[in-house]
Amino acid sequence: MPTELPLTAKDFKSDQEVRWCPGCGDYAILAAVQGFMPELGVARANIVFVSGIGCSSRFPYYMNTYGMHSIHGRAPAIATGLAASRRDLSVWVVTGDGDALSIGGNHLIHALRRNVNLKILLFNNRIYGLTKGQYSPTSEVGKITKSTPMGSLDAPFNPIALALGADASFVARTIDSDRAHLTSVLREAAAHPGTALVEIYQNCNIFNDGAYQALKDKEQAQDTVIRLAHGEPIRFGAHGCRGVVRDRATGELEVVAVTSDNESEILVHDTHAPSPTTAFALARLADPDTLRHTPIGVFRDTRRPVYDVQMADQLDAAIEQHGKGDMALLLAGNDTWTVGRTA
């Protein structure tokens with residue numbers, strides 16, 4: 001694999017035929033990632049994409065980098081081993097709402113709490129697409145699917161709130177069709193030391209078409225999408241006519257019409273706040289059914305020790321104190337036993 005730099009988006013396109021349904025939001029995400037990769041300034045031989053199982057998990061086939069289409073839900077675990085043992089690599093995980101939040105739920109939260117140097121892209125289409133349209137862990141209550149013909153009874157996961165609850169150091173949300181915003185979020189995630197989780201709202205035009213239409217329609221989006229920007233007041237709507245304030249009595253966040261009387265109370269977004277409290281409240285601001293007041297952008301970007309760096313420091317300290325170990329000596333040492341049948 002050639003390693004010459006600089007690279008272009010074309011260099012990251014593999015020779016594999018891209019096989020998603022026509023119109024799938026995955027195409028837009030793939031194009032955005034391929035277009036962004038050259039900005040890393042990293043040779044393709046030092047970039048790895050690891051995926052689980054699902055429509056999104058075909059991603060590694062289409063990236064001209066190293067990659068692995070792994071086991072259902074286990075991509076974060078496999079990627080953790082890779083990132084911890086090869087700190088020279090840029091390791092990316094591609095997963096979906098079913099893959100990451102159902103069978104892979106534990107693997108995801110432990111990668112987040114450990115703060116391994118991974119970039120996790122969670123494609124959320126609120127449905128199981130690969131297995132043909134069953135409800136997923138992010139499907140809304142009442143969702144009628146092949147597996148819930150009378151409507152889903154399950155309360156959906158909020159991936160951003162879940163990540164913040166696991167004390168993730170970087171958490172963001174973006175939308176497949178907003179190329180500029182998606183690229184901007186990828187840029188910030190890539191620069192973050194530690195685990196970065198990016199939830200990407202992605203349309204499945206076959207089994208859940210229009211799930212995010214309220215956020216994509218230009219007229220509706222003005223009143224439904226809240227674009228978060230660090231250091232800026234949290235305002236949205238025509239000419240910033242609406243804003244987010246904290247209720248003095250309950251401490252909860254609420255949306256208000258901005259007036260001269262309350263303008264000074266509009267929250268200023270702080271992605272670097274040590275506590276995830278406000279970010280968590282922002283994550284829960286949107287109505288799960290109508291998607292009104294949905295924040296997108298970076299919710300949290302804080303610094304804390306990175307797992308693989310700490311592990312390497314421990315190994316260096318052990319070698320300095322005891323010297324390098326001898327595997328052959330360990331296997332042939334006195335602390336052994338024989339397994340066999342007795343007479």
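Threonine 302 is in contact with Ser169, His192, Thr271, His272 and Ala273, leaving aside its neighbours within four places in sequence. The model is predicted. Threonine 302 has its place in the loop between strand 11 (294-301) and helix 11 (307-322). The residue counts as buried because its relative accessibility is 9%, and the cut-off for buried is under 20%.

**Helix 1**

Helix 1 covers residues 25-36. How far apart are its end C-alpha atoms? They are 17 Å apart. At 1.5 Å a residue, the 12 residues should span 16 Å, so the two values agree.

Which residues of helix 1 are buried? They are Gly25, Asp26, Ile29, Leu30, Ala32, Val33, Gln34 and Phe36. An α-helix has 3.6 residues a turn, so residues three or four places apart point the same way. The buried residues of helix 1 pack against several elements. Four are strands: strand 1 (47-51), strand 3 (90-96), strand 4 (119-124) and strand 6 (196-201). Helix 2 (59-62) and helix 7 (179-191) are also packing partners.

**Aromatic pairs**

The whole structure holds 8 aromatic pairs. A pair of aromatic rings is described by the distance of the centres and the angle of the planes. Two of the pairs are set out here.

| Pair | Centre to centre | Angle between planes | Class |
|---|---|---|---|
| Tryptophan 20 and tyrosine 62 | 5.1 Å | 80° | edge-to-face |
| Phenylalanine 49 and phenylalanine 59 | 5.8 Å | 35° | tilted |

The pair of tryptophan 20 and tyrosine 62 is edge-to-face because its planes lie at 80°, where the cut-off is over 60 degrees. This pair links distant parts of the chain. Tryptophan 20 sits in the segment before helix 1, and tyrosine 62 in helix 2, 42 residues apart. Both tryptophan 20 and tyrosine 62 are buried.

The pair of phenylalanine 49 and phenylalanine 59 is tilted. Phenylalanine 49 lies in strand 1 and phenylalanine 59 in helix 2, 10 residues apart. Phenylalanine 49 counts as buried, at 0% relative accessibility. Phenylalanine 59 is buried too, with a relative accessible area of 0%.

One aromatic cluster takes in Trp20, Tyr27, Phe36, Phe49, Phe59, Tyr62, Trp92 and Phe123. Of these, Phe36 is among the buried residues of helix 1.

**A nonpolar surface patch**

Met327, Leu330 and Leu331 make a nonpolar surface patch of about 370 Å². Leucine 330 is found in helix 12 (residues 327-331). Is leucine 330 buried or exposed? Leucine 330 counts as exposed because its relative accessibility is 60%, and the cut-off for exposed is over 50%.

Technical notes. Residues are numbered from 1 along each chain as its sequence is written. This is a predicted model: local features need pLDDT of at least 70, side-chain atom pairs count only at pLDDT 80 or more; totals for chains, interfaces and linings use all residues. Side-chain values use heavy atoms; hydrogens and water are left out. Helices (H or I, at least four residues) and strands (E, at least two) are DSSP runs, numbered from the N terminus. The expected span of a helix is 1.5 Å times one less than its number of residues. Buried means under 20% relative accessible area, exposed over 50%, partly exposed in between (1.4 Å probe, protein chains only). Contact means heavy atoms within 4.5 Å. Patches are made of residues with over 30% relative accessible area and no salt bridge: like charges are joined within 9 Å, nonpolar side chains (Val, Leu, Ile, Met, Phe, Trp, Tyr) within 5 Å. Accessible areas come from the Shrake-Rupley method with a 1.4 Å probe; for residues, only the protein chains shown count as cover. A salt bridge is a side-chain nitrogen of Lys or Arg within 4 Å of a carboxyl oxygen of Asp or Glu. Rings of Phe, Tyr and Trp (its six-membered ring) pair if their centres lie within 6.5 Å; planes under 30 degrees apart count as stacked, over 60 as edge-to-face and the rest as tilted.
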